[in-house]
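Let's take a friendly look at a protein chain together.

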Amino acid sequence: MPDLPRRVHLHEEGPREGFQMETRHIASTDKVRLIEALAGTGLAEVQCVSFVNPERVPGMADAELVAQSIRRREGVRYTGLWLNLRGMQRAMRTQLDIEGTIGTSASEAFLLRNSGQGLSALREAQRQTLAYCVDHRIAVTRGIVTTAFGCNFEGPVSPATVVERVAQMFEVMAEFGLRLPILRLADTVGWATPRSIAAVVGAVRERWPDLRLGLHLHDTRGTAMANALMGLQMGIDTFDSACAGLGGCPFAGHTGAAGNICTEDLAFMCEEMGIETGVDIDALIDCAQLAEKIVGHPLPGKLMRAGTLARFRQ
């Protein structure tokens, strides 16, 4: 497998991705406890909260309190998610690490559900956010395309549509003299298969061969690990993941939307393939078990029950 990366970056999203989906109340102190535990595993980045409308996502109503309560560990980035400039400004009033982000959706129907705006309104919102970032000297370092592999409201999404949406996003960035160093392709509602991963990643790579790509994978239909393997074989070296397989998308259109690919399961596979992750997998297993205790119901992670192979190799 000559195209495998030597090292991957795991962007932990469990605290944000997971706790926004829970129907029962999760105490702010428990959220902070998991974030701090994850920061002690060797993960370089933990996404802690989302700054969104609490009426639509009640689980994130305490975003500011959680963000301000974290005891930061040196060398770890603590980030948040927002969908508009108002959310970004909320985040800037906390101690979180702020970076400019820009997003689009391959499905306009999903965009309307997720943010209440269509593609035309989105472009204007992108301009406002980019102008704010430029004025405040905030580096724009990340972009994302949601529903890049299919949509429950709009149906199949072609690789050509993804390329078109990315091109439109880059046109807006060019108005401000900006270029994007990394773009994430998101399987927001669980449509991706290894075949579609290859098709979409291939199409984007063909248009922008020097653009670094990452994957945001959900395990709704049990294909996330196979999709990650295809991504690795195509040289993808950064993945969003969620401890214990926490989470899902509150606007996916069905209750079975699983969380991101499980952090410790993905880290285990990578390490077994000789790909460095920089994380302590046993410590991640402890975090997964803590997460399950906090939410009070079984979570889908596998390694948290089976453990690694270390004890069998002794």
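Predicted model: local features only at pLDDT ≥ 70, side-chain atom pairs only at ≥ 80, totals over all residues.

## Charges

## Overall form

How does the radius of gyration fit a compact globule? For 314 residues, such a globule would have a value near 20 Å, and the chain has 18 Å, which agrees.

## Inside and outside

Of the 314 residues in the chain, 55% are buried. The accessible surface comes to about 13,600 Å², and carbon and sulfur atoms account for 51% of that surface.

Contacts tell us about the fold too. Take the contacts between residues at least 6 apart in sequence: 76% of them join residues at least 24 apart.

## Two residues with positive phi

Arg137 sits in the loop between helix H6 (119-135) and strand S5 (140-146). Its phi is near 55°, a positive value in a residue other than glycine. Is Arg137 buried or exposed? Arg137 counts as exposed because its relative accessibility is 81%, and the cut-off for exposed is over 50%.

Ala244 is not a glycine either, yet it has a positive phi of about 65°. Look for Ala244 in the loop between strand S8 (238-241) and helix H10 (263-272). With a relative accessible area of 0%, Ala244 is buried.

Conventions
Residues numbered from 1 in each chain as written. Heavy atoms only, no water. Rg over C-alpha atoms; globule rule 2.2 N^0.38 Å. Buried < 20%, exposed > 50% of the residue type's maximum accessible area, 1.4 Å probe, protein only. Contact = heavy atoms within 4.5 Å. Areas by Shrake-Rupley, 256 points an atom, 1.4 Å probe, with all protein chains shown as cover. Helix = DSSP H or I, 4+ residues; strand = E, 2+ residues; numbered from the N terminus.
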